[in-house]
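Please consult the sequence and coordinates shown here alongside the text.

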Amino acid sequence: MAAVTEEQQDSPVRKSSEQLKEKVYQGNGGVPGDLGEQEDYGLSGVLEKEQSDILKSSRNVCELLEKIREETEALEKQVVNVCSSGPPKVAAALSAAVEVRCSLDELLQREQRISNRLQQHLQGTKQWMEDLGQMCNHVDFIERSMKYLKCLHHIEELSAAVQQSLMINSVWDAIKGVENMAALDCGLNQSQCSHLRDFLRQTLCFWHNIIKDRLTSDFEKVLAQLQWPVITPNQSVTTPANYQELSSQLEGLLLQLLALQTSDDLISQRASASTEGAPPSTLPPAAPSLCLPIQIMLQPLTKRFRYHFYGNRQTNSIHKPEWYLTQVLKWMENSATFLEEKVQPVFDRSGQTISAKVALCQGLVCLVQEKVASDASRMLYDDGLFCHLVEEVLQFEKDLRSHHSYPAMLPALLHILLDDAFLQKWLAVERKMAVEKMDAMLSAEGAWTSQYKDISDMDELKAPECAETFMTLLQVITERYRALPSPAAQLRFFGLQKELVDDFRIRLTQVMKEESRCPLGVRYCAILNAVNYISTILRDWGDNVFFLQLQQAAVSLGQQEVLGSLEMTEVGRLASLEGSLFDGLLSLLDRLKGDMLGRLLHFLMRDTAEKAQPYCQERWLSIPPPQDQSAMSLSSSACPMMLCVRDRLLNLHQVLSVSLFQLAWQGLAEKLDNFIYQEVILSNHFSDGGAAQLQFDMTRNLFPLFGHYCRRPENFFKHVKEACIILCLKVGSAILLKDLLKRSEQEATDFEDPSPESALNELGVFCLAPCDVLILLDLKASLPRI
């Protein structure tokens with residue numbers, strides 16, 4: 001029954017929903033179908049959702065019908081509004097689109113008509129444009145031709161003005177005209193009118209040379225009357241009657257020549273540019289950049305130089321380069337006063353920053369450069385001549401820089417020697433001569449004796465003559481290449497020095513091996529002194545400013561010949577100046593020195609040990625206590641050992657340098673301390689008298705032997721000194737100490753007991769360990785066994 005009732009109730013609901021759908025669909029007449037379908041789908045959903053609840057409760061049917069009726073009326077109103085307002089807006093939009101399309105068509109037609117008319121107009125004006133272009137080109141050609149003619153006319157005007165000025169002797173106006181020509185030439189430098197440029201330059205050169213020749217002639221006459229050049233220092237100079245007039249003429253001519261300098265420099269640049277493509281053999285020597293007055297003043301000196309030092313003259317000797325080098329230096333010195341008093345003031349008043357003295361030196365140096373380069377190429381196969389030339393060139397460079405204030409920025413003669421051929425030859429000659437000198441110095445009669453042996457204040461290092469001569473040789477090589485302007489070239493010479501030092505070390509090692517059978521011999525000790533002397537000098541050089549600069553240059557240039565196969569960390573140490581370029585050599589020399597000292601000390605100890613055998617076998621237990629002896633004296637068995645030590649120390653003090661002797665006696669003291677402790681003390685038992693005798697022998701005889709060379713010699717015999725303290729302890733103190741040490745070994749000491757170390761320190765024992773002290777206490781015969 002319930003099911004039938006629900007179906008009956010459901011049927012009107014379904015009918016009402018169907019009717020609603022039909023109304024909605026009919027009311028959709030002017031709306032697109034998809035909108036109607038969407039609304040239909042939405043309503044169906046609402047109905048289905050609501051129906052699911054209605055089926056559960058039939059009491060809400062009336063309320064549902066009323067609600068559906070209200071929604072239906074609302075939807076009908078919306079559909080009516082859409083149908084009434086939609087079509088007029090769409091119609092207006094379509095009408096506007098039609099109007100725009102008509103306007104666009106009219107514009108396109110108008111554009112086509114205008115384009116056709118423009119093409120017709122361009123076709124009509126094409127000929128006119130071609131005619132106008134030809135006319136413009138013709139006008140441009142005429143304009144350029146007019147400018148060309150104006151420039152040519154201006155050149156002719158300048159030329160005529162210069163000519164007119166020269167005819168009326170107005171040199172300043174002529175110089176001004178030439179300057180204007182030079183300025184015009186610079187302005188036309190980028191012009192493609194080659195004929196015009198050539199004509200201008202030829203005109204400029206023509207008038208420049210005429211003015212220069214006239215001024216040069218007048219300047220030479222004035223210089224001759226003022227007795228230039230000054231050839232000799234004692235040249236008699238008589239003041240002419242018209243000195244004031246000559247001085248005025250000299251000043252005027254100097255100023256005019258300086259004013260002509262601009263055009264002269266321009267002509268010189270053109271000439272040098274025209275010869276750039278010529279073969280090197282045909283190139284003339286580069287002229288110095290000198291002002292015109294100095295060039296003219298150099299001419300008589302140049303003639304004299306070429307007359308005396310070229311050709312078949314006796315003064316032109318390849319064996320005597322010092323003749324022309326010394327002559328040039330004399331000319332510089334003799335001319336200084338004339339230049340400073342008569343020429344330099346004019347330069348200063350004209351505002352020039354030119355040094356007349358330096359300029360003259362520069363011109364003379366240029367003459368010498370040409371001569372040295374010519375002679376050096378002829379000396380490459382003669383070591384003696386080349387070596388002599390290098391010496392003279394170095395001396396000339398030194399005098400030029402120091403006595404004539406020649407600036408360091410200007411090259412002199414050393415840069416000629418930097419040519420690869422000359423530099424290789426120089427290095428080869430240095431190596432050859434150094435090897436020959438090493439052979440000679442090592443085979444000389446007094447090679448192993450010190451030349452200052454009789455002067456104690458100067459003989460601390462006791463360097464043999466061969467070592468001093470060798471280091472002097474290295475110093476001379478350094479002084480020769482120090483002035484070179486190239487760090488790379490300097491490093492090549494430094495590499496040669498390192499090779500020579502290593503070669504000399506090998507030679508010393510060979511001689512040392514021959515003398516090693518007798519290390520106390522004079523020659524062996526002299527070799528040791530030589531090694532120490534070379535090592536000391538090289539360490540001093542490592543702190544020298546010049547070698548520090550070379551070190552920085554070697555790092556920056558990466559010179560493998562100098563740096564060798566150093567690791568990056570070692571190169572970094574060199575860069576930070578923590579090491580030196582001599583570190584490799586110093587390590588080899590120090591190794592040789594250590595080996596030789598070791599041989600020497602081994603020989604000393606072997607000799608001393610032989611002499612000490614009776615002392616080692618002394619009967620220490622049978623020696624009576626000190627109170628039973630009238631006076632204590634040195635043990636007779638110790639006399640050979642003491643005499644041997646004394647004689648060896650005196651001998652070493654005489655033959656070794658101070659630093660080496662200090663190492664030797666300290667090494668001997670250390671070995672003696674160990675020997676006596678091991679072979680005498682630990683190998684015997686001692687009575688109280690024996691212990692006292694041992695202490696007397698050591699403190700009153702052995703230690704004082706070394707007291708001549710230090711204040712507290714016992715500090716170098718710590719084992720022996722402390723062993724004597726333990727052996728000489730009284731019986732009671734020794735028993736207490738031994739008991740304390742044993743108890744400390746067994747780790748059974750009370751907290752209040754002193755530590756073994758503090759107890760030993762109170763006795764003066766700092767070096768010996770507690771276990772060693774126990775052994776020594778067991779050697780005391782008077783001590784009862786615990």
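Cys186 is partly exposed, at 48% relative accessibility, whereas Cys644 is buried, with a relative accessible area of 7%. Here buried denotes under 20% relative accessible area, exposed over 50%, and partly exposed the range in between (1.4 Å probe, protein chains only). The model is predicted: local features need pLDDT of at least 70 and side-chain atom pairs count only at pLDDT 80 or more, while totals for chains, interfaces and linings use all residues. Residues are numbered from 1 along each chain as its sequence is written, and side-chain values use heavy atoms, with hydrogens and water left out.

**Cysteines**
- The structure holds zero disulfides, a disulfide being a pair of cysteine sulfur atoms within 2.5 Å.

**Helix H16**
- Helix H16 covers residues 522-542; helices (H or I, at least four residues) are DSSP runs numbered from the N terminus.
- The 21 residues of H16 should span 30 Å, and the end C-alpha atoms are 30 Å apart, in agreement; the expected span is 1.5 Å times one less than the number of residues.
- Because 16 of its 21 residues are buried, H16 is largely enclosed by the rest of the structure.

**Salt bridges**
- The whole structure contains 31 salt bridges, each defined by a side-chain nitrogen of Lys or Arg within 4 Å of a carboxyl oxygen of Asp or Glu.
- Glu391 and Arg480 form one of these, at 2.9 Å from N to O. Glu391 belongs to helix H11 (residues 383-403) and Arg480 to helix H14 (residues 465-482), so the pair ties together parts 89 residues apart in sequence. Glu391 is partly exposed at 32%, and Arg480 is buried at 13%.
- Glu515 and Arg523 are bridged at 3.8 Å, N to O; Glu515 is partly exposed at 23%, as is Arg523 at 37%.
- Lys611 and Asp607 are bridged at 2.9 Å, N to O. The two residues are four apart in helix H20 (residues 583-611), which means a separation of about one helical turn. Lys611 is partly exposed at 32%, and Asp607 is buried at 10%.

**Aromatic rings**
- There are 24 aromatic pairs, counted where ring centres of Phe, Tyr and Trp (its six-membered ring) lie within 6.5 Å.
- Ring pairs connect Trp426, Tyr481, Phe493, Phe494, Trp541, Phe546, Phe547 and Phe582 in a cluster.
- The charged end of Arg482 sits over the ring of Phe546, 4.6 Å from its centre; the criterion is NZ of Lys or CZ of Arg within 6 Å of the ring centre and within 35 degrees of the ring normal.
- Lys371 lies over the face of Tyr310, 4.8 Å from the ring centre.

Terms used
Rings of Phe, Tyr and Trp (its six-membered ring) pair if their centres lie within 6.5 Å; planes under 30 degrees apart count as stacked, over 60 as edge-to-face and the rest as tilted.
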